[in-house]
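Colleague: I have not looked at this one before. Could you walk me through some of its details?
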Amino acid sequence: VSCSMAGEEDFFLEEKRFKQYCEDFVKHSQQIGDGWEWRTSKDLGDGYLSKTHFQVRNRHIPPDLEEKNNDNTEPTLFAHVEEPLDDSQAAGAGSTEEVVRYEYHVLYSSSYQVPVLYFRACFLDGRPLTLDEVWGSVHASYQACLQEGPWDTITQQEHPILGQPFFVLHPCRTNEFISAVLGGSQKHHRHTNYIILWLSTVGPVVGLNLPLSYAKLAPEQSTNTDL
Amino acid sequence: MTDDKDVLRDVWFGRIPTCFTLYQDEITEREAEPYYLLLPRISYLTLVTDKVKKHFQKVMRQEEVSEIWFEYEGTPLKWHYPIGLLFDLHASNTALPWSITVHFKNFPEKDLLHCHSKDVIEAHFMACIKEADALKHKSQVINEMQKKDHKQLWMGLQNDKFEQFWAINRKLMEYPPEDNGFRYIPFRIYQATTERPFIQKLFRPLASGGQLHTLGDLLKDVCPSAITPEDGEQKTQVMIHGIEPMLETPIQWLSEHMSYPDNFLHISIIPRPTD
């Protein structure tokens, strides 16, 4: 797959900036109880954002991952999947509900100078979801894109700090859409929290949604250094 | 005097004599004989072990066969690491042949990536090449290539075709005449003793004054414990493709000549044998 550079300039994220944006992000998450934390690795001092949440999904129907009412202050621990009510469901017949534990990590890629979303999912008995099961749970509107070349978008990879298998959203195209938004003449966007912008765009692809209050994280509230 | 190009051939054609034995708890209909094979250092386990799989499946019932995986002395072997790296990291100072145990059950989900088809290996290989070029050339060279060139890199590896591979790979080893090397060096440093699988950082091949950085400079910067002698004695070895290059070797040269086909320098830090 080739990455065409969309904007006039490439908006690369330096590691120091990444850490700062993550710090601001975690602060806001703590304020609203959204469950994100920063984990530092003991040996080299680098780290990553981490969040775990549980999702109830119906086994036989590809779940629609639109969550109800994200703009609330309660911790979103259980995200119920909306299902059109029909007779069989009202009667509780023919459907199995399963709880899936999702773990999301945001790491920094020094090679591409972008954040990367790692995640893994398992059922409560510990059985991990397969790549097919993960693809099957991808939001319907993204499935069309993934049909084209799934191997370029979500793949299983080794977590660079933990050394365990995770699924990864390929970072190759990140710069395209980020540059389009953050680059160019719209200077007031330059201090937008890159992590919030990026995560709110890629997260929903894999069932991760950000409550709207993150958008209120005004540039003045984040500690910024000049570009 | 050895030509630099001979190094490329020596790296490509390196082999490790290996003995594959079926795990004793696997259920067989008759006794499984060990299988011997010369493994290419530069390839991947799941790419070169079709014959191993066939050999053991002949003595097993179909229902007992699930995804194959390999283990050395209790450690599951990551198929997505090049074979030579696995050997250097885990078994370089032990007697040959390398003894690998073959499993068909109880796939270790927490340790190993799945590898259900050759497409997965190809995708992984190409992803590494692309990442290496992002470091070397801001992805310009790899993006300028056509799909058929990408395919040729993969086919060259898969079919063990040195010339076919290097016809394309040489472009990934070039740099603008005004520079004296790549933008950053694609490398990973591995130590079996750490939880972190490898160390990878941005590292330039040239210092600000224009001098070439060496392997020693890289280690000092990224992994100083590897070369700091304790009690005046060097407790570790720095190994690439089964040899210990001199620490004075320019890292740019190492990147051009001793990278694996994925264009990364995979460097092992292992305990020095105390014979």
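**Backbone and cysteines**

Modeller: Since this is a predicted model, let me begin with B:K138, which has a relative accessible area of 46% and is therefore partly exposed.

Colleague: Where in chain B does B:K138 lie?

Modeller: B:K138 sits in the loop that runs between α5 (118-137) and α6 (140-144) of chain B, and although B:K138 is not a glycine, its phi is positive, at about 55°.

Colleague: And what about phi of B:D160?

Modeller: For B:D160, which is likewise a residue other than glycine, phi is positive and near 55°; B:D160 belongs to the loop between α7 (147-158) and α8 (162-172) of chain B.

Colleague: Switching to peptide bonds, which kind joins B:L96 to B:P97?

Modeller: That peptide bond is cis, with omega near -5°, and B:P97 is in the loop between α4 (83-91) and β5 (98-103) of chain B.

Colleague: Now the cysteines: how many disulfides are there over all chains?

Modeller: Searching the whole structure gives zero disulfides over all chains. B:C115, for instance, is in no disulfide, and the nearest cysteine sulfur, which belongs to B:C128, is 13 Å away.

Colleague: Why does B:C115 count as buried?

Modeller: B:C115 counts as buried because its relative accessibility is 12%, which is under the 20% cut-off for that label. A:C22 also counts as buried, in its case because its relative accessibility is 1%.

Terms used. Residues are numbered from 1 along each chain as its sequence is written. Chains are lettered from A and ligands numbered from 1 in the order in which they are written. This is a predicted model: local features need pLDDT of at least 70, side-chain atom pairs count only at pLDDT 80 or more; totals for chains, interfaces and linings use all residues. Side-chain values use heavy atoms; hydrogens and water are left out. A disulfide is a pair of cysteine sulfur atoms within 2.5 Å. Buried means under 20% relative accessible area, exposed over 50%, partly exposed in between (1.4 Å probe, protein chains only). Helices (H or I, at least four residues) and strands (E, at least two) are DSSP runs, numbered from the N terminus.
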